Amino acid sequence: MVSPRSAATGGALGFRGGVAMRQGAQNAAGGVVVENSSSNNIPLHHPQAVARRGGGGRYMNLSRDDSSIGGGDDSEMGSEFLYTVHIPSTPDHQLMSATPSVRSMDPGIAVKAEQQFVSSTIFTGGFNSVTRGHVMEKMMEGEESNHHHPQLACARGATCSVEGCDSKAMRDERGEDMTPCDCQFKICRDCYIDALNSSGKCPGCKEEYRILEEAEQPMMMISNGTQHQNGGGTDSSTDIRALPPPPSSSSDDGTNKNLERRLSLLKAQPGGLLMSNQSSDFDHTRWLYQTKGTYGYGNAVWPKDDGYTSSGGNNNNNNNSASHLGSQPDFNDKSRRPLSRKASISPGILSPYRLLVVIRMVVLGLFLTWRIKHKNVDAVWLWGMSVVCEIWFAFSWILDQLPKLCPINRMTDLQVLKEKFEMSTPNNPSGRSDLPAVDVFVSTADPEKEPPITTANTILSILAAEYPLEKLCCYLSDDGGALLTFEALAEAANFARVWVPFCRKHDIEPRNPETYFLLRGDPTKGKTRSDFVKDRRRVKREYDEFKVRINGLPEAIRRRSEAYNSHEEIRAKRDQIETGADPSEPFSVPKATWMADGTHWPGTWTQSGKEHGRGDHASIIQVMLAPPTSEPLMGSNDEENMIDTSDIDIRLPMLVYVSREKRPGYDHNKKAGAMNALVRSSAIMSNGPFILNLDCDHYIFNSNAIREAMCFFMDRGGDRICYVQFPQRFEGVDPNDRYANHNTVFFDVNMRALDGLQGPVYVGTGCVFRRIALYGFDPPRITEYGPCWRFLCCCCLAMKKEKKHSQPEKRGSEVRAMTGAGGTSDEDDDLEAAMMPKRYGASVSFASSIAVADFQGRPLDDKGVHNGRPAGALTIPREPLDASTVAEAISVISCFYEDKTEWGQRVGWIYGSVTEDVVTGFRMHNRGWRSVYCVTKRDAFRGTAPINLTDRLHQVLRWATGSVEIFFSRNNALLASTRMKFLQRVAYLNVGIYPFTSVFLIVYCFLPALSLFTGQFIVQSLNLSFLIYLLTITVTLFMLAILEVKWSRITLEEWWRNEQFWVIGGTSAHLAAVFQGLLKVIAGINISFTLTSKSGAEDESDIYADLYVVKWSSLFIPPITIILTNIIAIAVGCSRTIYSTIPQWSKLLGGVFFSLWVLFHLYPFAKGLMGRGGRVPTIVYVWSGLLAVIISLLWVYGSPSSSNSQVSGGSRGFQFPF
């Protein structure tokens, strides 16, 4: 696979205990110091040779005299060592070395040693600080429990046999010792480099090392579409090699030469005649069509000389006449089948649904006209408030209903995806996966509110996903910089060596161990292997021990830190005495948090210290699992292994821990800033063209979920898709779903409907992004939509016949300049090069990765496919991950990197709102991109939801506040461009407006009570016209609900729960969000939000315990007031009517009906307020008494005797019966 580092970074780096490499904000010097944890020495800051990035994105060696740091001789270096950067020789990347090594290192050993070094080193750095690489001897306590694994960082291994060295010996892909000499002398990487640069002899046998010549190295060769190996065997050095130079083209058209040179691509040659089938039989049919041969007169019909155009394909046959044939017919019909298709809703459901929408809109218009014309002269104020509220409700309903007119369903074909991208073809004879790489982002911020066991289970489900291992990389963003999260991730990486092969061997679903082992039913159902029960029992026991270790980490870290801090205090006291200072003088020793290897944790300490606080710590990157090789690595049935993996691939995807730098005085932009830091660091390290974003409590429930998303991206027209959004499904919700936590109406009704327009909104998790779309580029083809009135044609047949005004465009001038595509001049290239630092920052490696990500994310070239890529282009293995690459990734996540750039403004996740997800999706749709909603038969992802009433309301408050911010910002849908469809604008407009409905809703909820208190109603009398309108509006509403249930497959109970919580949220959280949003817009007061606590309950019997916990919040006040007011009003109204001389039963019935409507909607709130056992909180009694007094005084003050006499027909007025 093509790597972005091919044009920006080198190959192997040699280190001796420490390394220095330069980095900085403006490509200036700034060191990288790698220290060994066993020495506990303070790192020295005088490296003798440093690497500086040149203007062309290369690393160059500077001699001691050229270095701006200076520094003494070798004896002063201590543990530092002179190093060089080995850069693969390509036409675009030539070796530039001022001080070459005495002996070259065996390429195979160099790559393996570098991978081992990177995976066992924690890199830290930041603004105005040295980038350091700390070699970890162990990441967690109990290292003796760790077993060998080829990718596991700090796995147990043999020690270097060189006297005085206690480093780990080099290991190969299987975790076995790797000896570069025939005498089997075990040596570490640093000592091996010392031996090569000194005498070139083995320290064991004293014989010279035999370095294989380049011709002797097993190398994968690609020739005429056939991929083979010299020597026949499979060697790991061929899996992680430098890309070969692109072949020269005989074509006169040089349009794409610059693109090929910059991307370092290898053209796939056309397949031979014998490669149409996997067998060796001669394909006569293909031979007849591809040549002018024949078996006899009349047996074959070949095209005329001009029958095929000469622009069709990669035909390099020696036959001169073949060039006249041009493109050849494609006989692989299976590869032409679509990867996805639309499944329209049945017209028998959708047509009546649309008709009812029109009818209800007409009835609403007539009803509002009638209401305006027929005033209630006895209570104009009551009539006026009700009419204003009803007009707003009608407007809000139209905004919500219009985008639902065009719902669709989508289906994928995973078998076609496999045949097209993972089967042997003429362009891919080896059968390697041609799927693009995917980087998975998992975000967490606080291990106290987001339990590490939940995060670890999410990581394990990702590592076990059904996707090519070499194409999958997982990044965990720890925005809190907590050692607890770091060590929990190390434990998860250790347990993955057992869990992932177990899942592959027995096809386990789901691949979250916590969920899997809690499943009810027969676990052996559908399992064919005889050793399943034994393997499951062993893995279950190992998982129980894993949970014990995870749950014990906080106490282990605390005890370890206390022990080390006590030791430091004793040492400081001893030093004080030895120096002769007064022993009574106080001394301060920082209360540090210590890692398992006895060194300070560079992130946040438990007791915050200088440069170690929650908002003040350095950048941290640790590669927990090194990148896997491109070839399968089968396990064994050794007794040391927990399960038999002899026929199972034991490789694990790449796993990286990332914690961005935080410093006081910088706005870190919360989750959006953390995601942008992951975008940049992953672009440097793996550069997957697609990004899957998951919260720490959302795990992969369907192991084929990523493949489902690829069916849309790799299909015809997939280059216009910016993201594929999956629905959110939740576990741990009470069976009655009291607070509508499943949110099925939104995910199964609204989102399906938006999929029929320009695509669903981005909801923050469970979304696969196209990386290039996050960079702020336009889609390759843009459609400009006309005036707003044309939206009426979106659901009509005429829309399909109408020719859209499309403007086929390139990706943008930026990509044209970077890729060297036709249509740009040297001046344009210079202009775009000057704009790159302003837009993306100063990292040259990041800039060079953009074009690669754009190319790799394209679908395969085929008829009807625009902007495609050649088949087999992504079968080349990725380059190895070296220390210079990780150091570059450290620099792009520093706190200053985004200064004076467009990150958060146009690039990446957008800043300025607590709902950055909606804004980010809006910006993409506004540029003309499309999105897709993927609903799979088996849920793709599952997560947890807050079932506690207080947590649920605070979650809704955060969403509503973000919507208010969107409405008052430039992201308002009213300011959208013409590239967005009208109904899509309506949907986004509704997102920004819906919180304001709470103002009218809370007034309308008080109107029944006011009606009962005053004896008046919103209409003069309950005449027939009012009742008919009311009945028609209500019936059409329920009929629409039934049809929505039909085409969305939800239940009526779920629809009713959603209606109830709409009232609950509208009278509490939404109202508070409106005031908070106005405060921010008018006064500039920012409201801080806390993380939603994730449930960490393990006992199944206690899974709903949080449902009954009552946590008082000010958000409870409006709903409680509404409930108590309506209850009191019903009692007052009934008493007045019963004891009145002339009872007004019609007004009583109207007021009581609407009061009960309000109370029925607020019933879940009242039930949740009482907690377990129905105990009413004391605050409710106090509040109800206070309200009763206030209402009584207001009623007495506002009821003059004249009005009472009119109501009672001249009597004394109403009196309570006591």
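**Group meeting: rings and cores in a predicted model**

Let me begin with the surface: the protein chain has an accessible surface of about 52,200 Å², and 56% of that belongs to carbon and sulfur atoms, with areas taken from the Shrake-Rupley method with a 1.4 Å probe, where for residues only the protein chains shown count as cover. Please keep in mind that this is a predicted model, in which local features need pLDDT of at least 70 and side-chain atom pairs count only at pLDDT 80 or more, while totals for chains, interfaces and linings use all residues. Residues are numbered from 1 along each chain as its sequence is written, and side-chain values use heavy atoms, with hydrogens and water left out.

Of the 1218 residues of the protein chain, 56% count as buried, a word that stands for under 20% relative accessible area, whereas exposed is over 50% and partly exposed lies in between (1.4 Å probe, protein chains only). The chain's secondary structure comes to 33 helices and 22 strands, which are DSSP runs numbered from the N terminus (helices: H or I, at least four residues; strands: E, at least two).

Now to the rings. The structure holds 48 aromatic pairs, where rings of Phe, Tyr and Trp (its six-membered ring) pair if their centres lie within 6.5 Å, and planes under 30 degrees apart count as stacked, over 60 as edge-to-face and the rest as tilted. Tyr 723 belongs to strand β16 (residues 721-725), and Tyr 762 to the loop between α15 (744-755) and β18 (767-770), so that the pair links distant parts of the chain, 39 residues apart. Both Tyr 723 and Tyr 762 are buried.

Ring pairs also join Phe 495, Trp 499, Phe 502, Tyr 516, Phe 517, Phe 532, Tyr 543 and Phe 546 into a cluster.

What about the nonpolar cores, meaning sets of buried Ala, Val, Leu, Ile, Met, Phe, Trp, Tyr and Cys residues joined through side-chain atoms within 4.5 Å? The largest has 154 residues, and those touching the most other members are Tyr 475, Ile 621, Met 685, Phe 769, Tyr 775 and Tyr 840. Helix α5 (residues 347-373) gives this core its largest share, 10 residues. A second, separate core has 80 residues, including Leu 489, Ile 508, Tyr 516 and Ile 643.
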